[in-house]
Amino acid sequence: MPRARSWLLYAALRLADRSTPAPSRSAANPELRPFAPGITVVIPERANPLVLAETLENAVSACRQLHEPWEIVVVVNGSPASRYRSIAERYREVIWLFSARPLWYSGAIRRGILAGRYDWVYLLNSDMLLDSRALESVLPWRSPGVFGIASQVFFRDPQRRREETGWTRFRTTEGPIEILDEVAPDEETVRGTFYAGGGASLFRRYLLCELIR
């Protein structure tokens with residue numbers, strides 16, 4: 001399974017918040033902190049318990065292939081906890097966080113990241129199905145100077161145009177920077193990428209916390 005490594009550019013940080021003073025370090029020039037083994041999978045969820053059940057089945061299976069600690073954090077927001085009672089009973093190893101009010105995407109993943117214990121966080125959309133080796137295949141590419149590692153994304157329907165692939169580049173026009181998804185020419189090569197999407201990518205936790213703040 002191909003992967004893409006992402007170093008978020010300082011320019012991208014500035015685009016995220018033009019009013020923020022320039023930090024002394026960025027994801028493109030990180031403090032090279034060592035990291036310990038372990039991975040936290042964070043899944044933001046709202047109003048799709050049946051789809052989430054399938055996602056969790058695959059996520060738990062992928063985590064069980066790992067030879068280091070792992071945890072899965074599901075952040076249910078804007079939906080009653082009662083709708084998830086049966087799923088929570090089935091997946092007792094999952095950490096469940098509930099919010100009656102909508103947190104939206106950034107708020108949900110922020111809560112999940114802060115609840116996590118490990119130095120690397122895999123952000124997973126609640127409608128994504130992980131291959132059994134998806135997590136195992138990204139972990140060897142971690143290093144102190146890497147911010148994000150993206151998994152390749154496939155649609156269930158092979159005939160559907162792949163608008164999201166996990167491998168990105170950018171182009172500039174008269175307006176903001178535009179991010180474009182490209183289809184990888186093969187399924188083995190690991191290649192650089194401009195942006196790792198939040199739907200199926202592994203990130204260095206402390207840098208992600210700085211960015212989402």
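1. Where is the place of tyrosine 195? Tyrosine 195 sits in the loop that runs between strand S9 (191-193) and strand S10 (200-204), where helices (H or I, at least four residues) and strands (E, at least two) are DSSP runs numbered from the N terminus. Tyrosine 195 counts as partly exposed because its relative accessibility is 35%, given that buried means under 20% relative accessible area, exposed over 50%, and partly exposed in between (1.4 Å probe, protein chains only).

2. Some words on the basis of these notes. The model is predicted, so that local features need pLDDT of at least 70 and side-chain atom pairs count only at pLDDT 80 or more, while totals for chains, interfaces and linings use all residues. Residues are numbered from 1 along each chain as its sequence is written, and side-chain values use heavy atoms, with hydrogens and water left out.

3. Tyrosine 195 also belongs to a nonpolar surface patch of about 320 Å², which it makes together with Phe170, Ile177 and Ile179. Patches are made of residues with over 30% relative accessible area and no salt bridge, like charges being joined within 9 Å and nonpolar side chains (Val, Leu, Ile, Met, Phe, Trp, Tyr) within 5 Å; accessible areas come from the Shrake-Rupley method with a 1.4 Å probe, and for residues only the protein chains shown count as cover. Phenylalanine 194 lies in the loop between S9 and S10 as well, but phenylalanine 194 is classed as buried because its relative accessible area is 12%.

4. The largest pocket has a volume of about 560 Å³, and of the 25 residues that line it, Met128, Leu129, Val153, Phe154 and Phe155 are the closest to its centre. On a 1 Å grid over the protein atoms alone, a pocket is an open set of points with protein on both sides within 12 Å along at least five of seven lines, and lining residues have an atom within 4 Å of a point; grid points are joined across faces, edges and corners, and the volume is the space filled by probe spheres (1.4 Å) set on the points.

5. Which elements give two or more residues to the lining of the largest pocket? They are helix H2 (49-63) and strand S5 (120-124), and the largest share, three residues, comes from H2. By class, the lining has 14 nonpolar, three polar and eight charged residues, where Ala, Val, Leu, Ile, Met, Phe, Trp, Tyr, Cys and Pro count as nonpolar, Asp, Glu, Lys and Arg as charged, and the others, Gly among them, as polar.

6. The whole structure holds ten salt bridges, a salt bridge being a side-chain nitrogen of Lys or Arg within 4 Å of a carboxyl oxygen of Asp or Glu. One of them joins glutamate 54 to arginine 156, with the closest N and O atoms 3.2 Å apart. This pair links distant parts of the chain, 102 residues apart, since glutamate 54 is in helix H2 and arginine 156 is in the loop between strand S6 (148-151) and strand S7 (168-171). Glutamate 54 is partly exposed at 36% relative accessible area, whereas arginine 156 is exposed at 61%.

7. Arginine 171 forms a further salt bridge with glutamate 178, the closest N and O atoms being 2.9 Å apart. Arginine 171 is partly exposed because its relative accessibility is 40%, and glutamate 178 is partly exposed at 30%.

8. Most residues other than glycine have a negative phi. Alanine 47, in the loop between strand S2 (39-45) and H2, has a positive phi near 70° and is partly exposed at 38% relative accessible area. Tryptophan 104, in helix H4 (residues 104-115), has a positive phi near 60° and is exposed at 59%.

9. Isoleucine 87, in helix H3 (residues 85-90), is buried because its relative accessible area is 4%.
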